Amino acid sequence: MKYENNLDFALVQDERDILRAYRSQYLFPKHENLDMLYFTGNSLGLQPVGVREALIQECDDWAKYGVEGHFLAKHPWYSYHEDLAEPSARIVGALIHEVVVMNQLTVNLNLLLISFYQPQGKRRKILFETKPFPSDQYAFASHAKLHGLNPDDVLVEMQPRNGEVTLRNEDILAKIEELGDELALVCFGAVNYFTGQFFDLKSITEKAHQVGALAGFDLAHAAGNVPLRLHDWEVDFACWCTYKYLNSGPGSVGGVYIHDSHVRNKELLRLAGWWGNNKKTRFEMKPDFDPMITAEAWSMSNAPVFSMAVHRAALVLFAEVGMYELRNKSVQLTGYLEFILAEVQKETGQKMQILTPKEADSRGCQLSIVVEGSDKSLVAELFRQGVIVDWREPNVIRMAPVPMYNSYEDVYQFGVKFTQILKKRIGKS
Ligand SMILES: *Cc1c(COP(=O)(O)O)cnc(C)c1O
């Protein structure tokens, strides 16, 4: 697409956008009675309109039925999580029985590491990407300690080449090869939260398997953002949160994927609870754990219905739109933001650097931008002008035009405001 920096162009693109109707399915924060320009769906997705009613439904059913709501509620609580597996599986490219919705992201990562990080002999290293989300690194370190190992000996953070900020796939594969029989697990953020780099999960998984290691991914910034085919790529496990691109509310329930070959293995070590037990005998309350042969075997507790009600309402929109259409729009819209940023640089003379890779295959919708010589006050000024982006120390602005609800006009208007702000700042200095 040939982009133009004018309002007419943006409006024509919005007119042609087959997802344009979905914008009105989300609630935007307001600035002077107008929708804000919201670009932080990578951090907390907007509230779908249907959420309020979904929550009221559960409140009403609880009032009406009490404990009988487990079976009599409109969406019976006993099996509440089961309906969420199918729409979630579509988003991450999994078979339905490979997915379970439960707990929250870091809790799930820790649970999965119990099963999939089992160091033995010299095979005990965990390879992860440069600048991982700290929570993931804390989890890796705690599992090293759980096995009596020193985290400094087993945690391997993959570094970029000198002068580069993102990783080259060929270097990742070479690193896996080099670690060889010392490597127990590769566990990357599939889309890195800081740079927005989307890794090639297929080749990383393949290479990990070649050297006898497992491959798991944190999909916090990938689920609902980029196309995934976890099952076909033979990824061993993955987990994600649902409050970022999946718009399911602050701290909402998380998702887990475990490959078919593992869910069938009843001997696999895991932390067990009654909700993972064979449904037929669950209420016989027997002392021996009999795991289900689905990813549900990892779930320990009964469904947290209120956060799942929000997630359910949010997933309805993904089921309607599908990842294919979302991705098509996403590639175009993020390309437009990249173009607009170049225009802003031209107009203001302000130097900027985009840390996120240029190739569409290597990123989702987020761009991570360094505005030379700026600090946090730039983001605060944008906020005062009705624009929400986020700031990550030491000097990075992250922003994500989300295809589900952001428009070309949003991106265009951002460019106008950003130009004004930068001109004023440069004038002052
Ligand atoms: C957002 C995010 C988290 C947050 O973890 P919670 O357990 O949901 O608080 C963890 N890891 C990554 C990579 C993230 O992007």
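Where is the place of M285? M285 sits in the loop between helix 10 and helix 11. Helices (H or I, at least four residues) and strands (E, at least two) are DSSP runs, numbered from the N terminus.

## Basis of the model

This is a predicted model, in which local features need pLDDT of at least 70, side-chain atom pairs count only at pLDDT 80 or more, and totals for chains, interfaces and linings use all residues. Residues are numbered from 1 along each chain as its sequence is written, and side-chain values use heavy atoms, with hydrogens and water left out.

M285 is exposed, with a relative accessible area of 55%. Buried means under 20% relative accessible area, exposed over 50%, and partly exposed in between (1.4 Å probe, protein chains only). M285 also has a positive phi of about 55 degrees, although it is not a glycine.

W274, F283 and M285 make a nonpolar surface patch of about 340 Å². Patches are made of residues with over 30% relative accessible area and no salt bridge; nonpolar side chains (Val, Leu, Ile, Met, Phe, Trp, Tyr) are joined within 5 Å, like charges within 9 Å. Accessible areas come from the Shrake-Rupley method with a 1.4 Å probe; for residues, only the protein chains shown count as cover.

## The negative patch

Which residues gather in a patch of negative charge on the surface? They are D200, E206, E234, E359 and D361. Asp and Glu count as negative, Lys and Arg as positive; His and the chain ends are not counted. The place of a charge is taken as NZ of Lys, CZ of Arg, CG of Asp or CD of Glu.

E234 lies in the loop between strand 10 (214-218) and strand 11 (237-240). Its relative accessibility is 46%, so E234 counts as partly exposed.

## Salt bridges

Side chains of opposite charge can pair when their charged atoms come close. How many salt bridges does the structure hold? There are 23. A salt bridge is a side-chain nitrogen of Lys or Arg within 4 Å of a carboxyl oxygen of Asp or Glu.

One of them joins D83 to R312, with the closest N and O atoms 2.9 Å apart. D83 lies in helix 4 (residues 82-92) and R312 in helix 11 (residues 305-348), so the pair ties together parts that are 229 residues apart in sequence. D83 is partly exposed at 45% relative accessible area, whereas R312 is buried at 16%.

D181 forms a salt bridge with K122; here the closest N and O atoms are 3.3 Å apart. D181 lies in the loop between helix 8 (169-179) and strand 9 (183-189), and K122 in the loop between helix 5 (105-116) and strand 7 (125-128), so the pair ties together parts that are 59 residues apart in sequence. D181 counts as partly exposed, at 41% relative accessibility.

K266 and D290 meet through their side chains in a salt bridge (2.9 Å, N to O). K266 lies in the loop between helix 10 (260-263) and helix 11, and D290 in the loop between helix 10 and helix 11, so this pair ties together parts 24 residues apart in sequence. K266 is partly exposed at 40%, and D290 is partly exposed at 24%. Elsewhere, a network of salt bridges links R161, E170 and D171.

## A buried charge

E98 lies in the loop between helix 4 and strand 6 (99-102). E98 is buried yet has no salt bridge. The nearest side chain of opposite charge is that of R264, 8.0 Å away.

What does the side chain of E98 make with the side chain of H231? The two make a polar contact at 2.7 Å. A polar contact is a pair of N or O atoms within 3.5 Å; within protein, one must be able to donate a hydrogen and the other to accept it, and residues adjacent in sequence count only if both atoms are side-chain atoms.

## Backbone details

Most residues other than glycine have a negative phi, and most peptide bonds are trans. K131 is not a glycine, but has a positive phi of about 50 degrees. K131 is found in the loop between strand 7 and helix 6 (134-146). At 42% relative accessibility, K131 counts as partly exposed.

E393 and P394 are joined by a cis peptide bond, with omega about 5 degrees. P394 is placed in the loop between strand 16 (390-392) and strand 17 (396-399).
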